[in-house]
Amino acid sequence: MTDRIDPKAGDIYRRLWRYVLPHKLIATIAVIGMAATAVIEASLVYLLEPLMDEALVAQNLETARWIPIAFIAIFIGRGASGFATDASLGYIGRSVISSLRRDVFRKFLTLPTRFFEESSTGPLLSRMTYNVEMVAESVTHVVTVAIRDVLTVFAAITVMLLQSPKLTVFVAIVFPVVAALVGVLGVAFRRYSGRIQDSIGEVTQVTEEIVTGNRVVKIFGGYDYEKDRLDEVDERNKKQNLKLIRVRSLGGAVTQIIFGFGVAGVIYMAGLESVNGRLTPGQFISFFSAMMLMLQPVRRITNVNATLQRGVAAADSLFMVIDEADEIDTGTVTVARVSGHVEFRDVSFCYKTEKGAVLDHVSVSVEPGKSLAIVGHSGSGKSTLVSLLPRFYDVDDGEILLDGTPVRDYALASLRDNISLVSQDVILFNDTIANNLAYGALRAHSSEEVLAAAEAARVLDFANDLPDGLDTVVGDRGVLLSGGQRQRIAIGRALLKDAPVLILDEATSSLDTRSERRIQEALNELMRNRTTLVIAHRLSTVEKADRIIVLDAGRIVESGTHAELLAGDGQYAALYRMQFSEE
Ligand SMILES: Nc1ncnc2c1ncn2[C@@H]1O[C@H](COP(=O)(O)OP(=O)(O)OP(=O)(O)O)[C@@H](O)[C@H]1O
Ligand SMILES: [Mg+2]
């Protein structure tokens, strides 16, 4: 993964801000709504003074009449401003979530194969769900606090000053002490936020593995092992969350106690003021209510840093993915249809430097329309060799040429347009058989063409027996089909693509000899006008290849036609005799 300097929280928030920016108008409504809420709430507590002193104590009829009307107006206003705030903030929150999620998803589509091999699925998935929500929650929370709560505090202070400047000064001394104490507790939050997200990722990972691997778990008695594994990550997650809860609730309790002392002080001072005739009951009620009105906002303001940090940590984990380097796609050559001359020129490759070379100076070329078979022991580098042609990985040394042009010089899309692939592990999507055949760019094909491909790949042989035929849904990764059926769909997909270069990596390994023979006819037909790289353990399927190479630990140890290799009496001949005697 790309090395990356740790960005500052400010940078992350600036970057998040860009996701909010397109919704300026809605954001303005939210700000107006929040400001209105603050002013309206303060007016409410301000009106308690005339309500008490004039309407109730002095029994002034005039006031007794307009006060209820004012209260109705205030509550309507509060309802309206509350709705405007919540609806617009909610809108912005959901919009940020969806654009972030799309950015991460699009990134997943263009990241190099290596990225997925080096990252675990769980954390990647939890980023798409948990972290994205967390970011939006944190953004809206922080914005609410920064605007509504801060304004509410100011408005409340204004009311307090109007009712009793002296008491206000007293509160101004007590409150900062409370706030400072609470702030100290808030610092403890920051340390836990990052790790909690990771342990959610672990929970997702373990769960996903047992869901997908439930058969292995069952037959190999993985019950206890998996149970312990989940218990462990779940325990870790629980402990971290409990720690967070303890810190948070302890903070709350301590705040309450400290606040209690503060309130007692204010009440004492109010008593003194009242005795001296400087404070009416209405002024006191209004003052006290304004102070209470401040309480929640102040608490949120002092805690906002924790939310901010949590959001920053979650956003950072998303931006980390978004900042990953895409597949290198600097080539500019585009060809509608190559003639299909493939050449590996002195190609070396390793997955990880420390694990050593997987391919070691491999040189081989295939004329257009000819076939090259690659045989060799398991792990000798066959799949690796063919995966370099569509540039799932880039070579470390040497060059791969397609029609004489290095594959790196092609625009990736154009290069891949020219290559069809049936890979060793067939990946189907949870969709119908027809849609799996006509996947992606192949969607453009007519249903007749899809049917023809299904016929040629012998997909119809089994699809016709299914109640929905080609419209049968195959389940996650194709679990509702047999291995051979999945393979036939993959072959059909490759047939449909009709690319000049074809890669068959153990394309028929899951089929019985009879089915294989029948598909082989279709494949032979297909291979006729195409450059084909074919990998097979069953040598009967590679006999007819124009050329066969034998790979051993990443080196070509033999090369020639079937007859030549048999005559050479080397590894190939030995392998062949072994399989022949078995049959
Ligand atoms: N994605 C990967 N990351 C790291 N190492 C890998 C990766 N894929 C394969 N290898 C290693 O590279 C070597 C060659 O693997 P490769 O899949 O090319 O073998 P193969 O000849 O296709 O074997 P098989 O006949 O079993 O399919 C093996 O030692 C394997 O462990
Ligand atoms: Mg392989």
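**Close-up views of a predicted single-chain model**

Phe105 is exposed, with 11 other C-beta atoms within 10 Å. This is a predicted model, in which local features need pLDDT of at least 70 and side-chain atom pairs count only at pLDDT 80 or more, while totals for chains, interfaces and linings use all residues. Residues are numbered from 1 along each chain as its sequence is written, and chains are lettered from A and ligands numbered from 1 in the order in which they are written.

**View 1. Phe105 in helix α3.** Phe105 sits in helix α3, residues 61-110. Helices (H or I, at least four residues) and strands (E, at least two) are DSSP runs, numbered from the N terminus. Phe105 and Val321 are 216 residues apart in sequence, yet 9.6 Å apart in space, C-alpha to C-alpha.

**View 2. The packing of α3 and α9.** The axes of α3 and α9 lie 8 Å apart, and the packing angle is about 40°. Axes are lines fitted to C-alpha atoms, for helices over the stretch in contact, and angles run from 0 to 180 degrees between N-to-C directions. The two helices, α3 and α9, are therefore oblique to each other. Angles under 35 degrees count as roughly parallel, over 145 as roughly antiparallel, 65 to 115 as roughly perpendicular and the rest as oblique. The α3 and α9 crossing is left-handed. That term applies if the near helix is turned anticlockwise from the far one by less than a right angle; clockwise gives right-handed. From α3, Leu100, Asp103, Val104 and Lys107 meet Leu318, Val321 and Ile322 of α9. Two residues are in contact if their C-beta atoms, placed from the backbone, lie within 7 Å.

View 3. Helix α2 (residues 24-57) packs on helix α5 (residues 121-163) at about 25°, with axes 9 Å apart. So α2 and α5 are roughly parallel to each other. Their crossing is right-handed. Residues of α2 that take part include Val31, Ala38, Val45 and Glu49; those of α5 include Thr144, Leu151, Val159 and Gln163. The axes of α5 and helix α9 (residues 281-323) come within 6 Å and cross at roughly 155°. That makes α5 roughly antiparallel to α9. Here the crossing is left-handed.

**View 4. Two loop residues with positive phi.** Glu506 lies in the loop between β7 (501-505) and α16 (513-527). Its phi is near 55°, a positive value in a residue other than glycine. Glu506 counts as buried, with 20 C-beta neighbours inside 10 Å. Ala553 is in the loop between β9 (547-552) and β10 (555-560). Phi of Ala553 is near 45°, again positive in a residue other than glycine. Ala553 has 15 C-beta neighbours inside 10 Å, so Ala553 counts as partly exposed.

**View 5. The setting of the close-ups.** The chain has 18 helices and ten strands. Buried residues make up 34% of its 583 residues. The C-alpha trace spans about 120 × 50 × 50 Å along its principal axes. Domain 1 covers 9-323 and domain 2 covers 427-498; these bounds come from an automatic or database domain assignment. The centres of domain 1 and domain 2, taken over C-alpha atoms, are 51 Å apart.

Methods: Buried ≥ 20, exposed ≤ 12 C-beta atoms within 10 Å, placed from the backbone.
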